[in-house]
Amino acid sequence: MIQWFPGHMVKARREIEENIKLVDIVIVLLDARAPMACRNPELEKMIRQKSLIMVLNKIDLADAQAASRSKEHLKKQGYLVAAMDSAHCRGSKRVLDLTKQVYAPLAEMMLRKGRRVRPVRVMVVGVPNVGKSTFLNCLAGRKMARVGEKPGVTRGKQWLRIREDIELLDTPGLMWPKIEDEKQGLKLALLNIIGENAYQEYNVALYLVELLKERHPDVLRERYRVQNVDLPVEDILAAIAASRGLLQKGGQPDLDKVSRLVLQEYRRGTMGSISLE
Ligand SMILES: Nc1nc2c(ncn2[C@@H]2O[C@H](COP(=O)(O)OP(=O)(O)O)[C@@H](O)[C@H]2O)c(=O)[nH]1
Ligand SMILES: [Mg+2]
C-alpha cells in the first residue's frame, strides 16, 4: 500500500486552512485523467459546496468520454465544474464565468447594504503537479498586476488582480492527497502526484500495462510492438523492454528502464489521451 504524507504537507494543510478564510471562492484543480483520485474530502468539507469550483485540468491528456462522465458525476454531486488545458490556456473563460456566477449573490447583498462591491477573491488549490502554477499564469496572463496587502485581514498576502473584478491569491494551495486504497495510490503515482520515493516504479508500470491491456491493447500492439497482449502483465512489460532494446548485459530485460520509459510516455501523453477513471 502506497503511503505518502511528507512533512511539508502538514505545513501546506495549515496554510490552506488559513487562506480559506480570506477568499470567497476556492478553485480546486483536479487531474482530468483521474479527478476522483485527486479530490480531498477533508478539504472539501472545510468549504461551502457552492463556493467551490472543480476544474478538470490537463483535459487535453484525458479521454474525452471518461472526462465528460467525471464532469457529470461531479455536477450530480452539486459541484460547479469546468475543464481546462492550462498548458495552452484553453477553457479559462468558463472558469471566469463560473467565478462571477458564484459571486453574484454576494455582490448583490453588498449592493443592497449600500456597500461598494469589492473584487471577488479567489484561491487555487490542488495536489502536486496538477498544474496550479500553469493555471495561475494562464489566468493572470500578461495583464497580471500585483495588488498590495489588504489592510487588516490579509497581511503578508499577495494578490493578483486578473480582471477588474477578480483577485487571485498569488500562491496556490498545495492540497494533500488522501490515499484511501491501493488503486488510488497507483493512480496518483502514475500521474506523478506523489513523491517517487513512496512507490516502486515497476509496480506502477505493471498497473499501467494492466490498464493498457484491458482498455487500450492497440497501444501495446502498435506503439510497443507487443505481439501477444494476452500474456501476464509482467511478460508484456518485459516484451516492451525487448522491443525497445532495453536489455541488460546478459540480454535480460532492464525492468527499471522500461518501467521509467512507460511511466514517462504516459505522463507526457505520448501514448494518447488515456484516463484512469
Ligand atoms: N498537457 C498539459 N500539461 C499541463 C497542463 N497544466 C500543467 N501542465 C504541465 O504539468 C506540469 C506541472 O505543472 P505545474 O503548473 O508546475 O504544477 P503545480 O505543481 O500544480 O504547480 C508542467 O510540466 C506543466 O507544463 C495542462 O492543462 N495540459
Ligand atoms: Mg507550482
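1. Two strands count as paired if DSSP finds at least two bridges between them. Helices (H or I, at least four residues) and strands (E, at least two) are DSSP runs, numbered from the N terminus. On that basis Gly126 stands opposite Leu174 in β8, and strand β4 (residues 120-126) pairs with strand β8 (residues 173-174) in the parallel sense over two bridges.

2. This is a predicted model, in which local features need pLDDT of at least 70 and side-chain atom pairs count only at pLDDT 80 or more, while totals for chains, interfaces and linings use all residues. Residues are numbered from 1 along each chain as its sequence is written, chains are lettered from A and ligands numbered from 1 in the order in which they are written, and side-chain values use heavy atoms, with hydrogens and water left out.

3. Overall, the protein has eleven helices and eight strands. Its C-alpha trace spans about 80 × 35 × 35 Å along the principal axes. Of the 277 residues, 48% are buried (buried means under 20% relative accessible area, exposed over 50%, partly exposed in between, with a 1.4 Å probe and protein chains only). Contact means heavy atoms within 4.5 Å; among contacts between residues at least 6 apart in sequence, 67% join residues at least 24 apart.

4. The domain assignment gives domain 1 (7-174) and domain 2 (200-268). Such bounds come from an automatic or database domain assignment. Taken over C-alpha atoms, the centres of domain 1 and domain 2 are separated by 37 Å.

5. Seven of the seven residues of β4 are buried. Val120, Val122, Val124 and Gly126 lie on one side, and Arg121, Met123 and Val125 on the other, so that both faces are covered. Strand β3 (residues 80-83) is likewise covered on both faces, with Leu80 and Ala82 on one side and Val81 and Ala83 on the other, all buried. Four bridges join β3 to strand β2 (residues 52-57), and the two run parallel; Val55 stands opposite Ala82.

6. An antiparallel pairing links strand β6 (residues 159-163) and strand β7 (residues 166-169) over four bridges. The two form a hairpin with two residues between them. Arg161 has Glu167 in β7 as its bridge partner.

7. Helix α8 (residues 201-215) and helix α10 (residues 233-243) have axes that come within 9 Å and cross at roughly 100 degrees. Axes are lines fitted to C-alpha atoms, for helices over the stretch in contact, and angles run from 0 to 180 degrees between N-to-C directions. The two helices are therefore roughly perpendicular (65 to 115 degrees; under 35 counts as roughly parallel, over 145 as roughly antiparallel and the rest as oblique). Residues of α8 in this contact include Tyr202, Leu206 and Lys213, and those of α10 include Val233 and Leu237.

8. How do α10 and helix α11 (residues 255-268) pack? Their axes are 9 Å apart, at an angle of about 90 degrees, which makes α10 roughly perpendicular to α11. Leu237, Ile240 and Ala241 in α10 meet Val258, Ser259 and Val262 in α11.
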